Amino acid sequence: MGIKTTGYFRGIVRTKRPYLTDEVIASILKAPRVRRVQSDGRVRLWSRVETLGGRAVRVVRLPDGQTAHNAFLDRDPPDELNATEKHP
């Protein structure tokens, strides 16, 4: 399963966070539980991931709607994420 990513994502995110697999990122890009648009047009997407112990993961997507730029475990996710189901 391939996803579009930036150079930053391939060089930094993949190196520092190998547990954030293409499957995890693709599932969040496809069906995030919480979505917020930043002032620069990038979109922050959150979901809880069951395979990571139900932890919250934030993916930052470029304005093109397809390309992942950043992803990380979020220690302070939005409150509305707590009332939603988890991704595999």
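User: In which sense do strand S1 and strand S2 pair, and over how many bridges?
Analyst: Please note first that this is a predicted model. Strand S1 covers residues 34-37 and strand S2 covers residues 43-49. They pair in the antiparallel sense, over 4 bridges.

User: Which residue in S2 does Val34 stand opposite?
Analyst: Val34 stands opposite Trp46.

User: And what do S1 and S2 form, with how many residues between them?
Analyst: They form a hairpin, and 5 residues lie between the two strands. The turn contains Gly41, which has a positive phi of about 95°.

User: How does S2 pair with strand S3?
Analyst: S2 also pairs with S3, residues 55-61, in the antiparallel sense, here over 7 bridges. Within this pairing, Ser47 stands opposite Val57 in S3. S2 and S3 form a hairpin with 5 residues between them. In that turn, Gly53 has a positive phi of about 70°.

User: How many residues of S2 are buried?
Analyst: Of its 7 residues, 6 are buried, so S2 is largely enclosed by the rest of the structure. Buried here means a relative accessible area under 20%.

User: Let us step back. How many helices and strands are in the chain?
Analyst: The chain has 2 helices and 5 strands. Along the sequence, they follow the pattern α-α-β-β-β-β-β.

User: Where is Thr21, then?
Analyst: Thr21 lies in the loop between helix H1 (7-16) and helix H2 (22-30).

User: What about Thr6: buried or exposed?
Analyst: Thr6 is buried, with a relative accessible area of 14%. Thr6 is found in the segment before H1. Not counting residues up to four places away in sequence, Thr6 touches Leu62, Thr67, Ala68 and His69.

User: Now the whole chain. What is its radius of gyration, and what would a compact globule have?
Analyst: The chain has a radius of gyration of 12 Å, which agrees with the value near 12 Å for a compact globule of 88 residues. Its C-alpha atoms fill a box of roughly 35 × 30 × 20 Å along the principal axes.

User: What percentage of the chain is buried?
Analyst: Buried residues make up 45% of the 88 residues. The accessible surface of the chain comes to about 5100 Å², and 47% of that belongs to carbon and sulfur atoms.

User: Last topic: how many positive and negative side chains are there?
Analyst: The chain has 17 positive and 10 negative side chains. The centres of these two sets lie 4 Å apart.

Terms used: Residues are numbered from 1 along each chain as its sequence is written. This is a predicted model: local features need pLDDT of at least 70, side-chain atom pairs count only at pLDDT 80 or more; totals for chains, interfaces and linings use all residues. Side-chain values use heavy atoms; hydrogens and water are left out. Two strands pair if DSSP finds at least two bridges between them. The radius of gyration is taken over C-alpha atoms; the globule rule is 2.2 Å times the number of residues to the power 0.38. Buried means under 20% relative accessible area, exposed over 50%, partly exposed in between (1.4 Å probe, protein chains only). Accessible areas come from the Shrake-Rupley method with a 1.4 Å probe; for residues, only the protein chains shown count as cover. Lys and Arg count as positive and Asp and Glu as negative; His and the chain ends are not counted. The place of a charge is taken as NZ of Lys, CZ of Arg, CG of Asp or CD of Glu. Contact means heavy atoms within 4.5 Å.
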